[in-house]
Amino acid sequence: MASVAVPDRQWIARGVERTSASRFATLLAPWFLLLAFGLYSAYLCLRYGLNQTNMDNRFPFGLWIFLDLAIIALGAGAFFTGFLVYILKMKELKPVLNTAVVVGFICYSGAVGILGIDVGQPLRSWFTFWHPNTHSMLTEVCFCITCYLVVLLLEYIPVLLRNRQLRRVPSFLIFEHRFHMLVPVLAGVGTLLSFFHQGSLGGLYGVLRGRPFAFREGFAIWPSTFFLFILSAIAAGPSFLLLISSLVEKITARRLVDTAVLRRLGFISGILTAVYVVAKSVDTLEWLNVTSPALGFAPWEHYAYKPFGTWLMLAEIVLFGLVPAGMLLHPKTASRRGWLIAGAGLVCCGILLNRFTMTIQTLALPTLAFDEFLSYVPSWQEVASFGAVIAYGVIVYSVSYRYLPLFPREKKEVNHVSGR
Amino acid sequence: MKTRRYGMVIDLDRCTGCGGCMVACAAENNVPPSSPRATVRTGLTPMRVQPVSNGAAGAARREVFMPLMCMQCEHETPCVSVCPQQAVEVDKATGIVTQMPQRCLGCRYCMTACPYHARYFNWQDPEWPAGMEHSLNPGVATRMRGVVEKCNLCHARLHSAEDKAAARKTSEIDPGDYVPACVASCPTNAILFGDLADPGSAVAQAAKSPQSFRLLEKLGTEPKVHYRSNRPWVRALADGRPGATQEVQRG
């Protein structure tokens, strides 16, 4: 029976190398400090209210919503990889599946944690389930994110139970084996839930008739941003996975994932980014020429205030869309790790920029003739609270990497990058 | 009971910008005194009077005071459909857009949706100086920190008028019994209030005047707060280019 008295080395899988427990603790210490500082900031916000932030009546959404949307999109690699492996049977992506689950879990749980601080009355969160407004995109987001976080937690359990000591508990082993049979079902459920909430996050803005920068026509009850958010999330998810895997390889100085797998992730991300660029361009043209004028707003009005000029739109479509799609798809660049990583990085930056403009530019622009163009700078409490999410992510991932078999290849061969 | 559609016509040529309506609104609706830490952008002003200029300088400069509050949008009300827990709705009987702070999550999505910036979040704990709690209106619940509030056309006064009608054993309220605080307090009678669905009412007739206009009518949300002015530049503010006057001011 495993117990806490078991030496740290005994918790680490056989055949893999890990740094000493003391060095591991030292490396994580700054992240624990950041986590503690962020938790203190979160406490201030909960104890004294959201006056600790720099949000206001004209800027009711800020850094937290922008980054929440971004990390939820980046965490899409979890459901999408599950979908590719279990539904589309792309078994070659199995080596990154565990990392995808852990990264997805971190992204979603971090986002939900921040949302818990961001709402004025967190204890009333259950009201959404008790008095749901079925017309609200936010209701759909709340339902699907909560359910999907449970799915991610369930998907995390089999990964957790593969720990060396936990595997020694017979009942855990049986549970893990039986539970594993459920994983394809969970992948299907996760895909369904994720498609809806990723889309609804886009729908949040697309339905805002009173915010002409965000408002879009669409299909049935869904504005076009619903579909664009899904597409951009499934394009960025694999890229983020590629980035994380490469980052872990760099930090641990080990080859953890075959280049072919990374290339596959890059190819999938590249194809989807290319489709997204086309869809986004068509949508932008439709919005500038039809939707916005129909509401009585000239297209150039949306870009009349610096720094939110047309360069931002072009950067999003070309620099963070077309360019990385080319880098990830062109055989010459896609065959080199450096270019793959750079392409994936640009795709992820594109997601950040898109979620930034949809949140911040939407609110900064005036609507009335006597409105002012507004600016907003987050307070240190907002920045630190989100810093806690980053620290939490690093700690959870590091602990998972140390004690769980996240990369199956690692056990087979432990090679130093420098040795290749 | 016949369906009513309460609305207003605010005569901007009469408004002197005295702010009496803001004070009356705050007193009627138990809006707490401004916190020392509150700013222009974090205060609670369900009714606010904003000075607006034509943007010109010198002798050509013209100004108007614009009382702003919830516009009581009738069609595709932006804040109603977005609220995740049905804390906002358009009352079918009166057309008033109601806010239920007791159910509000404080997500502020409705504030993002409102093109008029007429919704306010309670960023601070409400505090009244000692003794001032005696001045609270017992008919209106105070709001706690972390919820959104807005003008509800003095709902407590509507309830009171309905109670009076019930005492008379009728469902028809006397128009004189239901007058929002801002309307009652205006020293120049700049605000005309009543049932827009009653074609014979003064407010319905004033709303049809060629000098009347609504803000952002182009959005198609059918606001029930109308304005009127004989000055063309003021009427041009209705659907003017966003930020136009501020831009001219900045040069």
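A: A term to start with: helices (H or I, at least four residues) and strands (E, at least two) are DSSP runs, numbered from the N terminus. Ile390(A) is found in helix 15 of chain A.

Q: Where do the numbers and letters come from?
A: Residues are numbered from 1 along each chain as its sequence is written, and chains are lettered from A and ligands numbered from 1 in the order in which they are written. This is a predicted model, where local features need pLDDT of at least 70, side-chain atom pairs count only at pLDDT 80 or more, and totals for chains, interfaces and linings use all residues.

Q: Is Ile390(A) buried, exposed or partly exposed?
A: Ile390(A) is partly exposed, because 17 other C-beta atoms lie within 10 Å. The cut-offs are 20 or more for buried, 12 or fewer for exposed, and partly exposed in between, with C-beta atoms placed from the backbone.

Q: What separates Ile390(A) and Trp31(A)?
A: Along the chain they are 359 residues apart, and their C-alpha atoms are separated by 8.5 Å.

Q: Back to helix 15 of chain A: at what angle do its axis and that of helix 3 of chain A cross?
A: At roughly 25°, and the axes of helix 3 (residues 63–74) and helix 15 (residues 380–403) of chain A come within 10 Å. Helix 3 of chain A is therefore roughly parallel to helix 15 of chain A (angles under 35 degrees count as that). Axes here are lines fitted to C-alpha atoms, for helices over the stretch in contact, and angles run from 0 to 180 degrees between N-to-C directions.

Q: Which residues meet there?
A: Leu63(A), Trp64(A) and Leu67(A) from helix 3 of chain A meet Glu382(A), Val383(A) and Phe386(A) from helix 15 of chain A. Contact means that the C-beta atoms, placed from the backbone, lie within 7 Å.

Q: Now chain A as a whole. How many helices and strands?
A: Chain A has 16 helices and two strands. Its radius of gyration, taken over C-alpha atoms, is 22 Å, close to the 22 Å that the globule rule gives for 420 residues, so chain A is as compact as a globular protein of that length. That rule is 2.2 Å times the number of residues to the power 0.38.

Q: How much of chain A counts as buried?
A: 46% of its 420 residues.

Q: And how many residues of chain B are in contact with chain A?
A: 49 residues of chain B are in contact with 41 residues of chain A. Helix 3 of chain B gives the most to the side of chain B that touches chain A, with four residues.

Terms used
Angles under 35 degrees count as roughly parallel, over 145 as roughly antiparallel, 65 to 115 as roughly perpendicular and the rest as oblique. Two residues are in contact if their C-beta atoms, placed from the backbone, lie within 7 Å.
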